[in-house]
Structures are given as structure tokens and as C-alpha cells.
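Q: I have a structure open and want to go through it piece by piece. Can you help me read it?

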Amino acid sequence: HYVAEIEAAKKYPSAQTLERLSDALKISPSELFADVTSGATAFQRHKEMTALSRELRAELNGRIDAVTKKHLSPPSRDSRE
């Protein structure tokens, strides 16, 4: 039950508990923080998500700028005739 609460981020174990868990599982403590699908550590995943977040923000800002220019710019001379 306690492990399930840790997995659900309802409980936060001490370093000593993490060490005991990793010993029982015969893995290094850092492996407790690995993404099982990619093998990435929590720190690596954070870096990846931060980079992705920057890319998405830049793309979103570009799209907002394009829509803003399209709809808020004065009409061209050709379109007024």
C-alpha cells in the first residue's frame, strides 16, 4: 500500500526508504526514477520536457503572431477596391 502511494505521488519517501527499496529490488537508487519505457532518468525527462515546452511555446507564439497580423493589420490597397 505504501509503495502504491509513492507511485501515485501521495507519499514522499525519505532517502533511507528509497535506498531500502532499491536494495530490495536489486537496482540502483537512480533507477527508481527512470522512465521504464525509455530508460531516461527523471532529470533527463525534465530536460526533454523543458526543451519541448520551449519549442511548443515558440511555435504557438509564431502562430499567434501570424493570426494577429492577418486580422489586425490594415487592409492592403488592393483589397479596398
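Predicted model: local features only at pLDDT ≥ 70, side-chain atom pairs only at ≥ 80, totals over all residues.

Q: Is A9 buried or exposed, or partly exposed?
A: A9 is partly exposed, with a relative accessible area of 43%. Buried means under 20% relative accessible area, exposed means over 50%, and partly exposed is in between, using a 1.4 Å probe and protein chains only.

Q: Where is the place of A9?
A: A9 is in the loop between α1 and α2. Helices are DSSP runs of H or I with at least four residues, strands are runs of E with at least two, and both are numbered from the N terminus.

Q: What about phi of A9?
A: Phi of A9 is near 60°, a positive value in a residue other than glycine. K26 also has a phi near 60°.

Q: OK. How many helices and strands does the protein chain have?
A: The protein chain has four helices and zero strands. Along the sequence the pattern reads α-α-α-α.

Q: Which residues are buried in α2?
A: In helix α2, residues 15–25, the buried ones are T17, L18 and S22. They cover an arc of only 135° around the axis, so they sit on the same side of α2. That arc is taken from the directions from the helix axis to the C-beta atoms.

Q: And what do the buried residues of α2 pack against?
A: They pack against α1, residues 2–7. Contact here means heavy atoms within 4.5 Å.

Q: Which exposed residues are on the face turned away?
A: Q16, R20, D23 and A24 are the exposed residues on the face of α2 turned away from its buried side.

Q: Back to the loop between α1 and α2. What does P13 touch?
A: P13 lies in that loop. P13 touches Y2, I6 and L18, leaving out residues up to four places away in sequence. The C-alpha atoms of P13 and V3 are separated by 9.2 Å, and these two residues are ten apart along the chain.

Q: New topic. Which residue forms a salt bridge with R63?
A: E59 does, and the closest N and O atoms are 2.8 Å apart. A salt bridge is a side-chain nitrogen of Lys or Arg within 4 Å of a carboxyl oxygen of Asp or Glu. By this rule the count comes to one.

Q: How far apart are R63 and E59 in helix α3?
A: They are four residues apart in α3, residues 42–72, so about one helical turn separates them. R63 is exposed at 55% relative accessible area, while E59 is partly exposed at 41%.

Q: Which residues form the nonpolar patch on the surface?
A: M49, L52 and L56 form it, with about 270 Å² of accessible area together. Patches are made of residues with over 30% relative accessible area and no salt bridge; like charges are joined within 9 Å, and nonpolar side chains (Val, Leu, Ile, Met, Phe, Trp, Tyr) within 5 Å. Accessible areas come from the Shrake-Rupley method with a 1.4 Å probe, and for residues only the protein chains shown count as cover.

How values were computed
Residues numbered from 1 in each chain as written. Heavy atoms only, no water.
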